[in-house]
Amino acid sequence: MATATATKTASTTTRTLHVKIKRYQPEGDAKPRWQDFTVTAEPTDRFLDVLNTIKWEQDGTLTYRRSCAHGVCGSDAMRINGRNRLACKVLVKDLGTQITVEPMLGFPIIRDLVVDMEPFFHKYEKVRPYLINDEPLPATERLQSPSERARYDDTTKCILCGACTGSCPSVWANREWVGPASIVNAHRFIFDSRDRGGAERLEILSDRTGVWRCRTIWGIHVTEAIEEVKRAIMYGTTATE
Ligand code: FES
């Protein structure tokens, strides 16, 4: 019986990448430093594959978060070529051959590309991001029309990766500000016809660390969601004209 030997052969499309990574290993580094790596990859590889190749073949100490590898868990958000992205959603062909990677701005760095997400999730919890409704349960589900569901559809897509928050200058300037991801997740429930906690969330978001500090843009229609929350605070209603 013939024996197949698996060998990885370079295709004609293989490219050489020069990857510059901001490193910080607290046991040895007084401050972050840059380190260069050279690695080959296919244009259709994801950038997460590139990081894995570096870690598995060149430097096992390189540290970053990842889990699902399919843009669902939100754990591998990082700043790639100056823009916050999920490493598993970016293809090598879209990055060029000189690539710079660093942890997201606005978060404390724990190690290499891993940032401390605790303050982010603390702010997220603050807006009560879950359905609030103490009314007696109906005999069946709490029904909702397709148009009522569509009202907050966009803000259900947030995967809490922190990319919008880490690219927001208002967050960089004021660590107390609740940040765009929290407002997006408040929006998801404020505009849900089944929810009864909207007034409470609007109260939370109307204080000095709430929506009024927003100045910027990103991703999911974050700015539109924030504007809708501002209008709901100003006019005291979530109804559309
Ligand atoms: S690893 Fe889960 S979103 Fe990228």
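**Exercise 1. In this predicted model, work out how helices α6 and α7 pack: at what angle, and how far apart are their axes?**

Step 1. Find the two helices: α6 covers residues 180–190 and α7 covers residues 198–205.

Step 2. Compare their axes. The angle comes out at about 155°, and the axes sit 9 Å apart.

Step 3. Turn the angle into a label. Anything over 145 degrees counts as roughly antiparallel, so α6 is roughly antiparallel to α7.

Step 4. List who meets whom. From α6 you get Ile183, Ala186, Phe189 and Ile190, and they meet Gly198, Arg201, Leu202 and Leu205 of α7. Sorted by class, this contact has 6 nonpolar, 1 polar and 1 charged residues.

**Exercise 2. In what order do the 5 strands of the open sheet run, and which strands are at the edges?**

Step 1. Read across the sheet: the order is β2-β1-β5-β3-β4, and the pairing is mixed.

Step 2. Pick out the edges. β2 (33–41) and β4 (83–86) each pair on one side only, which puts them at the edges.

Step 3. Ignoring direction, neighbouring strands here are turned by 35° against each other on average.

**Exercise 3. Take the pairs β1/β5, β3/β5 and β3/β4 one by one: what is the sense of each, and how many bridges does it have?**

Step 1. Start with β1 and β5 (residues 98–102). They pair in the parallel sense, with 4 bridges. Val19 stands opposite Ile99 of β5 here.

Step 2. Move over to β3 and β5. These two run antiparallel and are joined by 2 bridges. Look for Ile80 across from Val101 in β5, and for Arg79 opposite Glu102 in β5.

Step 3. Finish with β3 (residues 77–80) and β4, an antiparallel pair with 4 bridges. Ile80 turns up again, this time opposite Arg83 in β4.

Step 4. Keep one rule in mind when you look at side chains: in a regular strand they alternate between the two faces of the sheet.

**Exercise 4. Which residue takes a positive phi in the hairpin of β3 and β4?**

Step 1. Go to the hairpin and look between the strands, where there are 2 residues.

**Exercise 5. Which strands does helix α1 lie across, and at what angle does it run to β2?**

Step 1. Locate α1 at residues 47–57, then see what it lies across: β1 (15–23), β2 and β3.

Step 2. Take the direction of α1 against β2, which gives about 105°.

Note on methods
Residues numbered from 1 in each chain as written. Predicted model: local features only at pLDDT ≥ 70, side-chain atom pairs only at ≥ 80, totals over all residues. Axes fitted to C-alpha atoms, helices over the stretch in contact; angles between N-to-C directions. Parallel < 35°, antiparallel > 145°, perpendicular 65-115°, else oblique. Contact = placed C-beta atoms within 7 Å. Nonpolar A, V, L, I, M, F, W, Y, C, P; charged D, E, K, R; others polar. Pairing = 2+ DSSP bridges.
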